[in-house]
Amino acid sequence: MERPSRLKPAVVDPLDKVGFVSKGDKSLLDHTAQEGYFDAIKTQYHTLTGPPVTNDDGCENTLASALESLSLDQYAPGHRSGFKTNGPFLAVSTAATAPGLSTLLLAMRKLREAIVASARNDAFAKKVYIFIIRTTILLRHPESYHPAILHLFRRLHLASPLNDVEKKEFLGYWLLDLACRQQDFASAFRVRNFYRYRTEKVDMILSALIHGNWVIFGLAKRSADVYETSLMQCADERMANHTTQCMGKSYLSLPKEYVERCTGLRWGELKEQKKLSWTLDGGTIVIRQMKKR
């Protein structure tokens, strides 16, 4: 008779039990298995971000805005961490860790692969892709949200059309990604014209990026929601560099508060990151000294 093992059974994350379809694992090709796996992904998401809270207007906030305090730079090289929105954020669980986020990102990729491989184009597939796009935009992980947006419009939208609100929302994300991250303005306007997409906010952002208008870019960003803000952060450093160059050539001095608001950086961060020779005199930043005659 075998003695019972004194070793505790290994704890296996349910998201790690299946592999990638592209690597030969067929577990997720079954539609029922896909739905169960999606439930497991949402459970993990709730675990990482904590319970939902209620806004001042009585509406329950989605978990989508809960990732402000997470350190996600390793998943999006070159993107500044942390972003602010006009609305309240959810409390983030202290148990949220980078390994947990990595597992979540891999799980969403596994499910995407399975949906594509099984040629599933129904309402469930659309629901999954909408969830993945919103989540990975906040995680600033373009390797996940960019192909998901393309599949949403090139396949899923044709089989199970998005309603007008959803179409407007995700076309906006697509255009912002093309303009802010990829700097592909030709493709952005091609998509805009093909789908006859017109919104004042996105048009303002496109115009500001093309013309280097940091004032309009800042105004548009202050009115953007949490998803749009996350996408626009890809252009923050580029716009901050352009802003300081324009200020350096056009002004002798400027109020410190105005410079910080235009660049999105505190004075100390701005001076260190941009290697500026500017000096601070009280509440005024001295850009250039008047030449004595």
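**Helix packing and aromatic pairs**

Helix H6, spanning residues 185–194, packs against helix H7, spanning residues 200–211, at an angle of about 155°, and the two axes lie 12 Å apart. The model examined here is a predicted one. Angles over 145 degrees count as roughly antiparallel, and H6 and H7 are therefore roughly antiparallel to each other. The crossing in which H6 passes H7 is left-handed. On the H6 side, the residues that meet H7 are Phe 185, Ala 188, Phe 189 and Arg 192. Their counterparts in H7 are Asp 203, Leu 206, Leu 209 and Ile 210. Sorted by class, this contact of H6 with H7 comprises 6 nonpolar and 2 charged residues, with no polar ones.

Attention now turns to the aromatic rings. A pair of aromatic rings is described by the distance of the centres and the angle of the planes. The structure holds 9 aromatic pairs, and two of these pairs are followed here. In one of them, the ring centres of Tyr 45 and Phe 131 are 5.4 Å apart and the planes stand at 90°, so the pair is edge-to-face. Tyr 45 belongs to helix H1 (residues 31–49) and Phe 131 to helix H3 (residues 123–138), so this pair ties together parts that are 86 residues apart in sequence. Tyr 45 and Phe 131 are both buried.

In the other pair, Tyr 173 and Tyr 227 have ring centres 5.7 Å apart and planes at 45°, so the pair is tilted. Helix H5 (residues 164–181) contains Tyr 173, and helix H9 (residues 226–232) contains Tyr 227, so the pair ties together parts that are 54 residues apart in sequence. Both Tyr 173 and Tyr 227 are buried.

Tyr 45 and Phe 131 also take part in a cluster: ring pairs link them with Phe 38 and Phe 124. Val 128 is placed in helix H3. Buried means under 20% relative accessible area, and Val 128, with a relative accessible area of 0%, is buried. Val 128 can also be placed relative to Leu 152: the two residues are 24 residues apart in sequence, and their C-alpha to C-alpha distance in space is 10.0 Å.

Note on methods
Residues numbered from 1 in each chain as written. Predicted model: local features only at pLDDT ≥ 70, side-chain atom pairs only at ≥ 80, totals over all residues. Heavy atoms only, no water. Axes fitted to C-alpha atoms, helices over the stretch in contact; angles between N-to-C directions. Helix = DSSP H or I, 4+ residues; strand = E, 2+ residues; numbered from the N terminus. Parallel < 35°, antiparallel > 145°, perpendicular 65-115°, else oblique. Left-handed = near helix turned anticlockwise from the far one by under 90°. Contact = heavy atoms within 4.5 Å. Nonpolar A, V, L, I, M, F, W, Y, C, P; charged D, E, K, R; others polar. Phe/Tyr/Trp six-rings, centres within 6.5 Å; stacked < 30°, edge-to-face > 60°. Buried < 20%, exposed > 50% of the residue type's maximum accessible area, 1.4 Å probe, protein only.
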